Amino acid sequence: MAEVKRENFGHMPMEDGGGEVEKFVLQSDSVRVEILSLGCIIAALETRDRAKQFADIVLGFDTLEGYTRKHPFFGAVVGRVANRIAKGKFTMDGKEYQLFLNNGPNSLHGGARGFDKVLWSPQILPNGVCFYRLSPDGEEGYPGELKVWVTYTLNGSELAINYRAQTSKKTPISLTNHAYFNLAGQGSPDIYDHEISIEADSYLPVDDTKIPTGEVAAVQGTGFDLRQPVQLGKHLKQFHLDGFDHNFCLPLGRARRLVARAHHPPSGRTMEVHTTQPGLQFYTGNNLDGSLKGKGAATYPKHSAFCLETQNWPDAVNKEPERDRRGDTDLDLRGETDRDLR
């Protein structure tokens with residue numbers, strides 16, 4: 001059973017609505033995780049290497065001020081819709097909705113003030129914490145009043161994230177956590193010595209604004225074939241890739257299953273991702289540029305971390321074949337993702 005502690009982390013600026021931000025510390029024998037009531041942010045995740053030494057393996061900031069400034073969604077729950085919606089538009093029940101454009105011509109991760117930038121109401125559980133918020137009808141342009149619960153639980157080396165939502169109207173929803181990982185420890189310069197595998201036979205090619213083209217492409221014979229572990233640095237060079245920022249199409253089915261594995265041979269750390277979701281966005285920190293000062297005054301250059309974001313397919317609300325096959329949001333949506341850290 002994990003130990004759960006509650007601490008004050010600071011107060012939001014008045015221009016952001018004010019309010020106390022709390023930090024919840026979940027600790028087992030092998031893992032320690034810090035989660036904020038702001039954006040349900042995973043602010044720290046400490047796990048042991050083969051020498052039993054702990055290190056923090058997620059990017060972030062030491063103080064609240066870092067999280068209230070612009071940053072690339074470090075550790076946060078994003079929504080209502082994770083990833084991109086083309087031109088910030090979709091039509092539902094014959095009505096067109098226009099969202100805020102915050103990623104070139106597209107809407108990204110919920111818009112200007114998505115779920116990552118708001119305070120959530122916490123409830124402590126025996127081995128974790130449940131966060132709740134009510135997203136009003138019309139927030140960021142989305143229809144329907146949406147009740148959302150995000151629950152973190154820690155059991156041994158397994159950190160589970162469960163998402164649940166209820167809406168008063170038909171609305172798109174796709175929730176994920178946007179933690180940036182470096183299994184060598186946050187602040188390490190790159191992830192080139194990491195070994196990555198993803199259980200996906202296909203992926204979604206994208207246009208120059210990162211919107212899926214509509215094609216579901218086989219990974220066989222391409223640089224996107226990660227079904228067997230690859231060393232990331234060598235793989236990027238071999239296939240002349242600048243990095244990954246793509247959705248991998250996971251096997252059909254509602255059951256939770258192993259979908260990805262990351263291993264860092266020098267430290268011996270391994271992370272497995274299990275999920276019920278249909279897609280996995282693999283992102284290799286291509287837009288990190290070293291300009292942000294992170295924990296312990298660390299800088300975060302390009303390719304200094306990776307994300308494995310379990311979610312629905314990007315722009316699914318505008319892709320009829322994908323939506324029909326994969327399913328949209330019902331009145332009661334549940335999703336679950338586990339990360340097993342060893």
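His 178 is buried, since its relative accessible area is 4% and buried means under 20% relative accessible area, with exposed meaning over 50% and partly exposed in between (1.4 Å probe, protein chains only). This is a predicted model, in which local features need pLDDT of at least 70 and side-chain atom pairs count only at pLDDT 80 or more, while totals for chains, interfaces and linings use all residues. Residues are numbered from 1 along each chain as its sequence is written, and side-chain values use heavy atoms, with hydrogens and water left out.

His 178 is located in the loop between strand 15 (176-177) and strand 16 (195-198), where strands (E, at least two residues) are DSSP runs numbered from the N terminus. UniProt, in an unreviewed entry, lists His 178 and Glu 309 under "active site"; such annotations may be inferred rather than shown by experiment, and the positions are given in the numbering used here, with feature names shortened. Although these two are spread over 132 residues of sequence, they cluster in space, the largest C-alpha distance being 6.2 Å.

Glu 309 lies in strand 24. Leaving aside neighbours within four places in sequence, the contacts of Glu 309 include His 109, His 178 and Tyr 283, contact meaning heavy atoms within 4.5 Å.

The loop between strand 23 (279-283) and strand 24 (307-311) holds Lys 295. A polar atom of the Lys 295 side chain lies 2.7 Å from the backbone oxygen of Val 58. Beyond neighbours within four places in sequence, Lys 295 is also in contact with residues including Asp 56, Asp 62, Gln 186 and Tyr 300.

| Residue | Relative accessible area | Class |
|---|---|---|
| His 178 | 4% | buried |
| Glu 309 | 2% | buried |
| Lys 295 | 8% | buried |

Elsewhere, an open sheet of five strands has the order 1-2-3-4-5, with antiparallel pairing, two strands being counted as paired if DSSP finds at least two bridges between them. Strand 1 (3-11) and strand 5 (54-56) each have a single partner strand and stand at the edges, so one side of each is left without a neighbour in the sheet. Strand 1 pairs with strand 2 (residues 20-27) in the antiparallel sense over eight bridges, and Gly 10 has Val 21 in strand 2 as its bridge partner.

Key:
Helix = DSSP H or I, 4+ residues; strand = E, 2+ residues; numbered from the N terminus. Polar contact = N/O pair within 3.5 Å; in protein donor to acceptor, adjacent residues only side chain to side chain.
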